[in-house]
Protein chains: 2
Amino acid sequence: MYFVTDVALAVRFFLQLAVILLVCRAVGWVGRKYLGQTQVVMEMIAGVMLGPSLFGLLMPEAQTWLFPQTIQVNGTEVKHPSMSILYVASQLGLVLYMFLVGLEFDVSLLKEKARGAVAVSLSGILLPFTLGVLLSLLMHQDGTYFAPEVSLWEGAVFLGAAMCITAFPMLARIISERGLAGTTMGTLALAAGATDDAMAWAMLAVVLASFRNEAVIAVWAIGGGLAFALLMATIGKRIFVRLEQWTQREGDVTQTIAITTFAIISLAAWFTDAIGIYAVFGAFVTGACMPRGKFSERMRYRTEFATSTLLLPLFFTYSGLNTRIQLIGTGEVLLMMGLVIAVAVIGKWVGCMLAARVSGETWHDANRIGVLMNARGLMELIILNIGLQFGVITPTLYTVMVMMAIVTTVMASPLFAWFSRDRSAVPA
Amino acid sequence: MYFVTDVALAVRFFLQLAVILLVCRAVGWVGRKYLGQTQVVMEMIAGVMLGPSLFGLLMPEAQTWLFPQTIQVNGTEVKHPSMSILYVASQLGLVLYMFLVGLEFDVSLLKEKARGAVAVSLSGILLPFTLGVLLSLLMHQDGTYFAPEVSLWEGAVFLGAAMCITAFPMLARIISERGLAGTTMGTLALAAGATDDAMAWAMLAVVLASFRNEAVIAVWAIGGGLAFALLMATIGKRIFVRLEQWTQREGDVTQTIAITTFAIISLAAWFTDAIGIYAVFGAFVTGACMPRGKFSERMRYRTEFATSTLLLPLFFTYSGLNTRIQLIGTGEVLLMMGLVIAVAVIGKWVGCMLAARVSGETWHDANRIGVLMNARGLMELIILNIGLQFGVITPTLYTVMVMMAIVTTVMASPLFAWFSRDRSAVPA
């Protein structure tokens, strides 16, 4: 019955983990020291390097041995369980990471800035979505970018949604690294980013519903997602307050408190995954509805390493394994990649900047919000992986979009630093 | 090419995780409150309850839906990837947990007690091994307990080795819970337990080598294991000291220090897994060779929850899924289970007690060492899972041995408390 024993899978997993951690550490060190990049960005690049684009190009046999994609079972080629293990472990890391991001998210500041957040997030969607739709018309001619069975409007909505994504966790990290976590600008950008991503997930659900011919998918995703967020923010929040009281009574987050919290996160991740808006959203909302204080502070301190440091890099590698830079070999695809990047940058940066300015931010802050919102990072990889898994996009479009995600993400940190420095150099 | 999408596997994984955590928490609460048991013991029982023995008996369809064992691919039944994911995630938890156990292991005290540790561990092996071998002669008659292709001596060595196992992580937890971590008795028991387990792994490697007709397996396991431990204790230890200096310089375990440590653990886990003495041993040795101080204290504090609380319960569930109490249905098997438990308890408890007494411990401490060494716990489950995966033992013997592991483990904590209480009641 076995085709790969679990023991053999575990052996390979530990070797994969060691290689991924060492490469991420080395690439991250170079990025921080010489390129002014954050660890996340460099981990995205490390992931692509471990895939067929570099490691697989230099040592194809070693690469497919370490990261086997397929296996023969009775003459049929099936996906190797090793890939599924990498994916699920990375999802666990992603969920815990998004929970921690939610824990840092200041809901009260959001209320004050609600009008601005809505404006920024709406135009952070409208402009890139429209441009994405226009671009998809160019792409839909042959089967290079979309699977042949994908209709014109399905491709349009998918590409539009993919353009709207914001690197929400990265946004959170840059904002916290720069000490902007409590400021109105930081909160505005975070709120708009979260809203944009939620809307993009909803659009993705519509595409998948249509593509798989099950309208109920979209209803579940949008209705269920709203109901979930609403329930968590009302009843959930009132129950979760006890976690803080409990922590204060015990003096620290105990094992029992941790188990309870992990169980809540897993349930939320399962529910949002099952209705099709994906676990990252559920985990973030759960974190945002948890009480602040000793509980949140200790919980973060006691879990962030094992999750974001140990498991999260697996996600970048999983995505990198599906990226094949070789596919951008032809002039036409290269041109398309340039177009995609230009459209992505203009749509998101300019769209968000204008909206923030109209909402009352200064040009300076509006510009910086645009720069931050433009980064696609991790979240783009999530939506692309889903598109690829369900056969909506081809490996070529996947690779083009991953490149766009990397370029927009690499831009964000240095540009933000540059625009921030510029202002402080001016005498007050 | 796909037979289960990664997204579908992730959805199921989060539901499994939620159910496992909630059940472990509920069962653990009952055990602590009413039965005087530790959380580990109750998690073993919770694992069996989630398998075919209870959940599967009451709701067979729900059980196989939540924990699918097999799946059809082109008319062939293959192992469901969901099981492999559970296994690898649980191994990751196990490895990190054993690393933390190693971090607490006091090597210096061991040196003072070397003679005693050798005596206790040797007779902690000799008596149970001999009794196990005798018992295997009874079992080898028909195909109920061993696969037909298992030779008489292979079955004997496997059962002998399985009898020698000590619940090393549980031993460590009981010793630390009772505040005996720095005492000579605690250290003696820990050292003897570690040695016994290492020897049992070596014997298991010999069985597998013979069973698969590859002598090189045994050479790698025993030679490689010794070389690994020696290298780690000399060169490794000298290099790892820098982790403590690094932590002191930074003031805390930083992300980079954590990544480095995780990479070392993964490499050690991979190496020991690959040579066949299994990742738990490599992780423990790595932990034992790491520097003590701020590094070990912070590392433990910052990782123990996500590992032992979140991932470790998966291992108990994985083992429980392979346990079918129904298989002990016949009178003959029931009788054999009684014999196995009697042999296990007499061999380990009495053997270790006598040796400890001869090494100079008081009868009182010698008895308590015997009680602790008798618990099989987690480690027994590991060796049994390997035996089952490689087809050495049948599901029936697996179930009999799991019951033995549970009974000896359930005994340990209350008996130890009872014998300890007894002494303290006597006026000094």
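Biologist: Two residues are in contact if their C-beta atoms, placed from the backbone, lie within 7 Å. How many residues does the contact take from chain A and from chain B?

Modeller: The contact takes 57 residues from chain A and 56 residues from chain B. Please note that this is a predicted model, in which local features need pLDDT of at least 70 and side-chain atom pairs count only at pLDDT 80 or more, while totals for chains, interfaces and linings use all residues. Residues are numbered from 1 along each chain as its sequence is written, and chains are lettered from A and ligands numbered from 1 in the order in which they are written.

Biologist: Which elements give two or more residues to the side of chain A that touches chain B?

Modeller: In chain A they are helix H1 (6–34), strand E1 (70–73), strand E2 (76–79), helix H5 (81–104), H12, helix H14 (294–321) and helix H17 (377–389). Helices (H or I, at least four residues) and strands (E, at least two) are DSSP runs, numbered from the N terminus. H1(A) provides the largest share of this side, with 14 residues.

Biologist: How do the residues on that side divide into nonpolar, polar and charged?

Modeller: There are 37 nonpolar, 14 polar and 6 charged residues on the side of chain A that touches chain B. Here Ala, Val, Leu, Ile, Met, Phe, Trp, Tyr, Cys and Pro count as nonpolar, Asp, Glu, Lys and Arg as charged, and the others, Gly among them, as polar.

Biologist: Changing topic, what pLDDT does chain A average?

Modeller: The average for chain A is 83, and 95% of its residues score at least 70. pLDDT is the predictor's confidence in each residue, from 0 to 100. The model also scores ipTM 0.85 and pTM 0.86.

Biologist: At what angle do H11(A) and H12(A) cross?

Modeller: The axes of helix H11 (residues 215–250) of chain A and H12(A) cross at roughly 175° and come within 11 Å. H11(A) and H12(A) are therefore roughly antiparallel to each other. Angles under 35 degrees count as roughly parallel, over 145 as roughly antiparallel, 65 to 115 as roughly perpendicular and the rest as oblique. Axes are lines fitted to C-alpha atoms, for helices over the stretch in contact, and angles run from 0 to 180 degrees between N-to-C directions.

Biologist: Which residues make that contact?

Modeller: Those from H11(A) include A:Trp220, A:Phe228 and A:Trp246, and those from H12(A) include A:Ile257, A:Phe271 and A:Ile275. By class, the contact of H11(A) with H12(A) has 8 nonpolar, 5 polar and 1 charged residues.

Biologist: What about helix H13 of chain A: how many of its residues are buried?

Modeller: In helix H13 (residues 279–288) of chain A, 10 of the 10 residues are buried, so this helix is largely enclosed by the rest of the structure. Among them are A:Phe281 and A:Phe284. A residue is buried if 20 or more other C-beta atoms lie within 10 Å of its own, exposed if 12 or fewer, and partly exposed in between, with C-beta atoms placed from the backbone.

Biologist: And A:Lys348, is that residue buried or exposed?

Modeller: A:Lys348 counts as buried, with 29 C-beta neighbours inside 10 Å. A:Lys348 is in helix H15 (residues 331–358) of chain A. Leaving aside neighbours within four places in sequence, A:Lys348 is in contact with A:Gly124, A:Pro128, A:Met373 and A:Asn374.

Biologist: Lastly, where is B:Gln37?

Modeller: B:Gln37 is in the loop between helix H1 (6–34) and helix H2 (39–50) of chain B. B:Gln37 and B:Thr409 are 372 residues apart in sequence, yet 9.6 Å apart in space, C-alpha to C-alpha.
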